[in-house]
Amino acid sequence: MEFNFRQILSTSMVLFAIIDILGSIPVVIELRKKAGHIQSEKAAIVATALMIIFLFAGESLLKVIGLDVESFAIAGSFVIFFIAMEMVLGLTIFKEGEAPETISIVPLAFPLIAGAGTMTTLLSLKTEYATQNIIVGIIMNMLFVYFVLKNTERLEKLFGKSGLNVLRKAFGIILLAIAIKLFRNNTGL
């Protein structure tokens, strides 16, 4: 088992862009207003566990339903593409449901942090990078997610609404490029 700094950095950046916790600060603040309190530790731990479990069991789950990783990666490239379009164009394609009492787990840990785009990205990354490097990337991102969840109000004041908007759009462009790369790598185009 050999750790590769380049793979860890690439994995971390891809996950950072797809999770987009900085762009989600307004959503997190709104959820906090509805629930009164968000358990940052619980959200980060549950999201980390979901991602690591899916990293190992996702491929087997796909086989059970008769799909290969490449098909899932191509489908995931479309999901990532649409998430990126939301970020860049300010559209809302994916709707969030009402906030239940378990807001730290649903919708925060899943699907906001560890949602369909993140899960798809993990399987796509698995086709290109070593598993241990992906796990390090997940853990690095979840530490950052935890920090952001603990400090959402401070970060909102620091960046301001326009700063958060710029960050969201910049990461949207990065995600568009990632979606196109995933599509090309898994279709052979």
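Trainee: In which sense, left-handed or right-handed, does α4 pass α8?
Mentor: In this predicted model, the crossing of α4 with α8 is left-handed.

Trainee: Which residues make up the two helices, and at what angle do their axes cross?
Mentor: Helix α4 covers residues 69-89 and helix α8 covers residues 152-187. Their axes come within 8 Å and cross at roughly 160°.

Trainee: What does that make α4 relative to α8, roughly parallel or roughly antiparallel?
Mentor: Angles over 145 degrees count as roughly antiparallel, so α4 is roughly antiparallel to α8.

Trainee: How many nonpolar, polar and charged residues does their contact have?
Mentor: The contact of α4 with α8 has 18 nonpolar residues, together with four polar and three charged ones.

Trainee: Now the whole chain, please. How many helices and strands does it have?
Mentor: The protein chain has eight helices and zero strands.

Trainee: Where does UniProt place the transmembrane regions?
Mentor: The unreviewed UniProt entry gives residues 12-31, 43-66, 72-93, 105-123, 129-149 and 170-187.

Trainee: What is the helix content of residues 12-31, and of residues 105-123?
Mentor: Residues 12-31 are 75% helix, and their end C-alpha atoms lie 26 Å apart. For residues 105-123 the helix content is 89%, with the end C-alpha atoms 22 Å apart.

Trainee: And what about the overall size: which radius of gyration would a compact globule have?
Mentor: With 189 residues, a compact globule would have a radius of gyration near 16 Å, and the chain agrees because its own value is 16 Å. Its C-alpha atoms fill a box of roughly 45 × 35 × 30 Å along the principal axes.

Trainee: What share of the residues counts as buried?
Mentor: Of the 189 residues, 44% count as buried.

Key: Residues are numbered from 1 along each chain as its sequence is written. This is a predicted model: local features need pLDDT of at least 70, side-chain atom pairs count only at pLDDT 80 or more; totals for chains, interfaces and linings use all residues. Side-chain values use heavy atoms; hydrogens and water are left out. UniProt positions are given in the numbering used here, feature names are shortened, and annotations may be inferred rather than shown by experiment. Helices (H or I, at least four residues) and strands (E, at least two) are DSSP runs, numbered from the N terminus. Axes are lines fitted to C-alpha atoms, for helices over the stretch in contact, and angles run from 0 to 180 degrees between N-to-C directions. Angles under 35 degrees count as roughly parallel, over 145 as roughly antiparallel, 65 to 115 as roughly perpendicular and the rest as oblique. A crossing is left-handed if the near helix is turned anticlockwise from the far one by less than a right angle, and right-handed if clockwise. Ala, Val, Leu, Ile, Met, Phe, Trp, Tyr, Cys and Pro count as nonpolar, Asp, Glu, Lys and Arg as charged, and the others, Gly among them, as polar. The radius of gyration is taken over C-alpha atoms; the globule rule is 2.2 Å times the number of residues to the power 0.38. Buried means under 20% relative accessible area, exposed over 50%, partly exposed in between (1.4 Å probe, protein chains only).
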